[in-house]
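Dear colleague,

Here is the structure I promised to pass on to you, with the sequence alongside. My notes on what was found in it follow below.

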Amino acid sequence: MALDPKTVQVGTELPPLVKGPITREMLKEYGPAAGDPNPMHVDDEFAKNAGYPGVFAHGMLSMGFLGEFAVQAAGVGNVKKLRARFAKLTWPGDVVTCKGTVTAVRDENGTRVVDCDIWTETQSGERKVVGSATLALPRG
């Protein structure tokens, strides 16, 4: 469900997007598709030798979820900027929920422009990827 340019205001929550749970199979498929062959995401022994408790999700997987989330909120072609920072690792079994809140609303050339804080969080409420997005909502 996209944001309504007529009613959006500071504090409006973007409709959440839930992904997962993250599976090891998902990580095996994502790596080659994303051009990321790092064995850290698919080989437990490799990850443990590097000091991690096991494999973990690609950061770009969660960032991709945020991209889908922004498109869901604004519509195709209406995401003008998306920035993200990887704050914590996402593990197999985690359910990732993309969330966001509108921080600014303005009109530019007949378009309602909306700035948002966006993030992913897991079932425990821990934020994993945090960032911001600028959405341009056409005024119908």
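I begin with a hairpin of β3 and β4, which has two residues between the strands, and in which Asn109 takes a positive phi near 50°. Please keep in mind that this is a predicted model, in which local features need pLDDT of at least 70 and side-chain atom pairs count only at pLDDT 80 or more, whereas totals for chains, interfaces and linings use all residues. Residues are numbered from 1 along each chain as its sequence is written, and side-chain values use heavy atoms, with hydrogens and water left out.

Asn109 lies in the loop between β3 and β4, and at 82% relative accessibility it counts as exposed (over 50% relative accessible area, with buried meaning under 20% and partly exposed in between, for a 1.4 Å probe and protein chains only). Most residues other than glycine have a negative phi, and most peptide bonds are trans. Asn109 has its positive phi as a residue other than glycine, and the peptide bond from Gly20 to Pro21 is cis, with omega near 20°. Pro21 is found in the loop between β1 (17-19) and α1 (24-34); helices (H or I, at least four residues) and strands (E, at least two) are DSSP runs, numbered from the N terminus.

Strand β4 (residues 111-121) is mostly covered, since nine of its 11 residues are buried. It pairs in the antiparallel sense with strand β3 (residues 96-108) over 11 bridges, where two strands pair if DSSP finds at least two bridges between them. β4 also pairs with strand β5 (residues 127-138), again in the antiparallel sense and over 11 bridges. Within β4, Ile118 stands opposite Gly100 and also opposite Gly131 in β5. The hairpin formed by β4 and β5 has five residues between the strands, and Gly125 in its turn has a positive phi of about 85°.

The largest nonpolar core has 25 residues, of which Leu3, Leu14 and Leu135 touch the most other members; such a core is a set of buried Ala, Val, Leu, Ile, Met, Phe, Trp, Tyr and Cys residues joined through side-chain atoms within 4.5 Å. The elements that give two or more residues to this core are α3, β3, β4 and β5, and α3 gives the most, with seven residues. Leaving aside its neighbours within four places in sequence, Leu14 is in contact (heavy atoms within 4.5 Å) with residues including Leu3, Phe69, Val102 and Leu135.

Turning to the rings, the structure holds two aromatic pairs. Tyr52 and Phe56 form a tilted pair, at 4.9 Å centre to centre and 55° between the planes. Rings of Phe, Tyr and Trp (its six-membered ring) pair if their centres lie within 6.5 Å, and planes under 30 degrees apart count as stacked, over 60 as edge-to-face and the rest as tilted. Phe56 is buried, with a relative accessible area of 8%, whereas Tyr52 is partly exposed, at 32%. Phe56 and Trp91 form an edge-to-face pair, at 5.8 Å centre to centre and 75° between the planes. Phe56 lies in the loop between α2 (44-49) and α3 (59-74) and Trp91 in the loop between β2 (79-86) and β3, so the pair ties together parts that are 35 residues apart in sequence.

With kind regards
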